[in-house]
Amino acid sequence: MVYFKITGGEIVPEIEMTLSDTVFDLKRKIHKELDVEIYRQSLWHHNRIMRDHEYIDDYDFRTSETLYLTVTPLPPHHKLHVLIKSLGSDGYVRVKETDKVCDLRSKVERYWAVPSHLITLRRRNVVMENNLPLYAYYVNEASEIQLSVTIEPR
C-alpha cells in the first residue's frame with residue numbers, strides 16, 4: 001500500500017492505493033474525492049509527469065508520498081453551477097472557476113440576504129479564503145459548498 005497526499009490546491013486529500021493500481025486508477029479516486037474530471041488532471045512526482053498506463057509499483061514509492069496535481073483550466077467564459085448548501089435552503093449559483101471566493105460570497109449575500117461578514121463558505125470542510133480563486137478549492141460543475149451563517153447577538 002502507498003498513501004498519497006495530493007497537493008496543488010487548498011484541499012489536500014490523502015488517498016490509499018495498492019502497488020498493482022495504475023495512475024489512471026489513482027486519477028479515478030481523485031475524481032471521486034475532488035470532483036475533478038480525469039481528463040483535466042495531471043499528476044507530478046519530483047517534476048516528472050505520471051502516465052495513466054503506468055503502475056504505482058513502477059515508481060518505487062515509499063509507503064507515503066506527496067504528488068502534485070495540476071488541473072487543465074476550463075475555457076475563460078465557461079460558467080459552472082455550484083450548489084450552496086445551508087440549513088434553511090439550498091440553491092445553485094453560477095460562477096466561473098477563476099472567480100474569487102469573495103465574488104461567490106457577494107452572490108450568496110444577494111441571494112440569501114445575509115451580510116457577507118456573517119458568511120462562512122466551506123468546500124470539503126475547508127474554510128474558503130476570500131482572496132483565492134475558486135479553482136484553488138477544485139470547484140467544478142455541481143460542486144457542493146457549505147454555507148454557514150454566524151448569528152450576531154442582539
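Trainee: Which class does Asp90 fall in at 43% relative accessibility?

Mentor: This is a predicted model: local features need pLDDT of at least 70, side-chain atom pairs count only at pLDDT 80 or more, and totals for chains, interfaces and linings use all residues. Residues are numbered from 1 along each chain as its sequence is written, and side-chain values use heavy atoms, leaving out hydrogens and water. Buried means under 20% relative accessible area, exposed over 50%, and partly exposed lies in between (1.4 Å probe, protein chains only). At 43%, Asp90 counts as partly exposed.

Trainee: Which residue meets Asp90 in a salt bridge?

Mentor: A salt bridge needs a side-chain nitrogen of Lys or Arg within 4 Å of a carboxyl oxygen of Asp or Glu. Here the N to O distance is 3.3 Å.

Trainee: How many residues apart in sequence are Asp35 and Arg123?

Mentor: Their closest N and O atoms are 3.4 Å apart, in a salt bridge. Asp35 is partly exposed at 26%, whereas Arg123 is buried at 2%. Asp35 sits in the loop between helix H1 (23–34) and strand S3 (41–45), and Arg123 in strand S8 (119–123); helices (H or I, at least four residues) and strands (E, at least two) are DSSP runs, numbered from the N terminus. So the pair ties together parts separated by 88 residues.

Trainee: Which residue is linked with Asp35 and Arg123 in a network of salt bridges?

Mentor: Asp35 and Arg123 already pair with each other. The network also takes in Arg124.

Trainee: What is the relative accessibility of Arg40?

Mentor: Arg40 meets Glu37 in a salt bridge at 3.4 Å, N to O. Glu37 is partly exposed at 24%. Arg40 is buried, at 2%.
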